[in-house]
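Open the model in your viewer and keep the selection tool at hand. We will go stop by stop.

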Amino acid sequence: HMKRIFAILIAMVGLCGCLNEKDYAENAIVPSLIVGTWYESYDIYPDFETDSGSTYTFNEDGSYLLEIYHADPDLEGSSDICSYTISDGVVTTISSDGSTSYNIVRLDKSIMEWQKVGTEFSEGTLHTDYKRFKRKN
């Protein structure tokens, strides 16, 4: 029994030594999950209201369609075809207005959350520095 326990301990130490914190962070984000259509959703923040929102449709080729809409029917929405990159848990969106990088806080099959690089979360920055999305399709 002692040999078996010792062998298990050696195997566990060997496995633990292979993954460091950086490896775990990189492995936690699966970039291909971004492909699809996402709409901004702040439903978990009941006090937050916005008069505009956006839908992002990410394609496998690094392009995305950004559609901006307004609650006020008198304001015209817009759409633009842009590009993006994902590297080391950071998504960078590139449009005619320039580029913006966000740390990917969460990316799974139904929810995506971004925090603008160099900023910290607060409910006062919802929709600007912090973006939360639900998958549309």
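Predicted model: local features only at pLDDT ≥ 70, side-chain atom pairs only at ≥ 80, totals over all residues.

**Stop 1: strand β2**

Select residues 52–58. This is strand β2, and seven of its seven residues are buried. Buried means under 20% relative accessible area. The strand is therefore largely enclosed by the rest of the structure.

Now show the side chains. Ser52, Ser54, Tyr56 and Phe58 point one way from β2. Gly53, Thr55 and Thr57 point the other way. Both groups are buried.

**Stop 2**

Which residue of β2 stands opposite Gly36? It is Phe58.

Next, select residues 63–70, strand β3. β3 also pairs with β2 in the antiparallel sense, here over seven bridges. For one example, click Thr55: its bridge partner in β3 is Glu67.

Follow the chain from β2 into β3. The two strands form a hairpin, with four residues between them. Stop at Gly62 in the turn, where phi is positive, at about 90°.

**Stop 3**

Select Phe58 and show what surrounds it. Which residues does Phe58 touch, leaving aside its neighbours within four places in sequence? The contacts are Ile34, Val35, Gly36, Trp38, Ser63, Tyr64, Tyr84, Met112 and Trp114.

Phe58 also belongs to the largest nonpolar core, which has 16 residues. Colour Ile34, Phe58, Met112 and Trp114, the residues with the most contacts inside this core. Which strand gives the largest share? It is β6, with three residues.

**Stop 2: salt bridges**

How many salt bridges does the structure hold? It holds four.

Begin with Asp43 and Arg132. Their side chains meet in a salt bridge, at 3.1 Å from N to O. This pair links distant parts of the chain, 89 residues apart. Asp43 lies in the loop between β1 and β2, while Arg132 is in strand β8 (residues 130–135). Is Arg132 buried or exposed? Arg132 is buried, with a relative accessible area of 5%. Asp43, at 45%, counts as partly exposed.

Glu113 is buried, with a relative accessible area of 11%. Salt bridges that share partners join Asp43, Glu113, Arg132 and Lys134 into one network.

**Last stop: Arg106 and Asp108**

Select Arg106 and Asp108. They form a salt bridge, and the closest N and O atoms are 2.8 Å apart. Arg106 is partly exposed, with a relative accessible area of 33%. Asp108 counts as partly exposed too, at 24% relative accessibility.

Conventions:
Residues numbered from 1 in each chain as written. Heavy atoms only, no water. Buried < 20%, exposed > 50% of the residue type's maximum accessible area, 1.4 Å probe, protein only. Pairing = 2+ DSSP bridges. Core = buried A, V, L, I, M, F, W, Y, C linked by side-chain atoms within 4.5 Å. Contact = heavy atoms within 4.5 Å.
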